[in-house]
Amino acid sequence: MSAILQNIKVLDLTRVIAGPLCTQHLADMGATVYKIEKPNDGDDTRRMGPFLPDEDGKDSNDSALYLAYNRGKHSVTIDISQAQGADLVRQLAAQCDVVVENYKAGGLKKYGLDYASLQKIKPDLVYCSLTGFGQTGPMAQRPAYDFILQGMAGMMSTCGQPEGSAGAGPMRTSIPITDVVTGQNATIAILGALFHRQRTGEGQYIDCAMIDSAVALNGHLALGYLMTGKSPERVGNTNPIASPSEVFACSDGQLIIAAGNNTQFNACCHVLGMPELARQAEFATNASRVANRDNLRSAMAEAILKHSRSVLLDALENAGVPCGPINDMAQVFAEPQTQHRALALTLQHGRQIDVPTLRSPLNFSRTPVKHLSPPQLGAHTVQVLREVLMLPPETLARLEKSEVI
């Protein structure tokens, strides 16, 4: 079966996470992605461990962080700071459908690799810029990092334990969530632009900013503020609009119970051997349970602590009560459903070893994604320049000698 993005070529001028995740989605869907990396150094994430071993058993420059976001790409090492290098990349851009970059706003203009320059040689080009704060505005020139955006965009103010409780304070997510959502939004925007191009023949420019994606991710919490003028408070692992809906400790671990209606709450009380709890006036409705959350939690916590997690989870699931474990990573990949969905895969890497990867969450019935190994640094430089730009061996040798490639 042909891939969705078969015959689409992408010039990838991105580093770290947001941009590489975007282009990895495109590669998974069948696009040919030329990832331009700096000779000898490569993407910054190649220096952030843990690492695959090299042929001597030492740390290589193939890190878990790099492998996670660069599956299925062609690594082409070109020094764009040299005029010849920038010219090579312009030639590649002329043969591509999409350019994705995450340099500072305006940072590629001096190399002739900005949208205005490339549009002249490729009028129907789809060009996507990922930055922290967009192309215009008082902060457009500032560098951006996920952690900083989590704080600036308000997410950290709504995550963490509430004031007055143990460990109170704002909390970041352990995954770089603003990077991830920005990369996903960039993918969506590029697919939309390609659809527009297919209908009209027109390319276009996409300004994809982390601040936009991060603020939008606040969703109903942001709308609640805009409607009422009241900032939402941190509530830890509780649900401010439902109870019981939080984390409880069992005798051998923790689990989540999220009883969203009276039927589920009644069933939960019966499983815990305390049906009288559901008949108390202070717990008769969801609104009253939310208002009396602390009392309800105390009553339930004492009973739950007597149970083993696996036994209680089975009993709650059989009773129709929404619940689930809090798994560490080992438990995640031991879950029967995780294994059934084949979420962990192995790929043959260029170092002649199998490396793990996560299966793409994109599931198509007619055009399944293709999982191809992340590239070693510069693995495709000669091949791409020879086959795509038709450069002869003597030219490639000269470029290598002058450290352009």
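The lining of the largest pocket comprises 20 nonpolar, eight polar and four charged residues. Here Ala, Val, Leu, Ile, Met, Phe, Trp, Tyr, Cys and Pro count as nonpolar, Asp, Glu, Lys and Arg as charged, and the others, Gly among them, as polar. The model is predicted, with local features requiring pLDDT of at least 70 and side-chain atom pairs pLDDT 80 or more, while totals for chains, interfaces and linings use all residues. Residues are numbered from 1 along each chain as its sequence is written, and side-chain values use heavy atoms, without hydrogens and water.

The largest pocket has a volume of about 1,000 Å³. Of its 32 lining residues, Ala68, Tyr69, Phe333, Thr357 and Leu358 are the closest to its centre. Two or more lining residues come from each of α1 (18-28), β3 (51-53), β4 (59-63), α2 (64-69), α7 (177-200), α15 (329-334) and β13 (354-358). Helices (H or I, at least four residues) and strands (E, at least two) are DSSP runs, numbered from the N terminus.

The second largest pocket holds about 780 Å³ of space. Its lining has 23 residues, with Thr158, Cys159, Leu221, Glu233 and Val235 nearest the centre. By class, nine are nonpolar, eleven polar and three charged. Both α6 (155-158) and α9 supply at least two residues of this lining. A pocket is an open set of points on a 1 Å grid over the protein atoms alone, where a 1.4 Å probe fits, with protein on both sides within 12 Å along at least five of seven lines; lining residues have an atom within 4 Å of a point. A volume is the space filled by probe spheres set on the points, which are joined across faces, edges and corners.

Leu226 lies in helix α9 (residues 220-228). Leu226 is exposed, with a relative accessible area of 64% (exposed means over 50%, with a 1.4 Å probe and protein chains only).

Terms used: Buried < 20%, exposed > 50% of the residue type's maximum accessible area, 1.4 Å probe, protein only.
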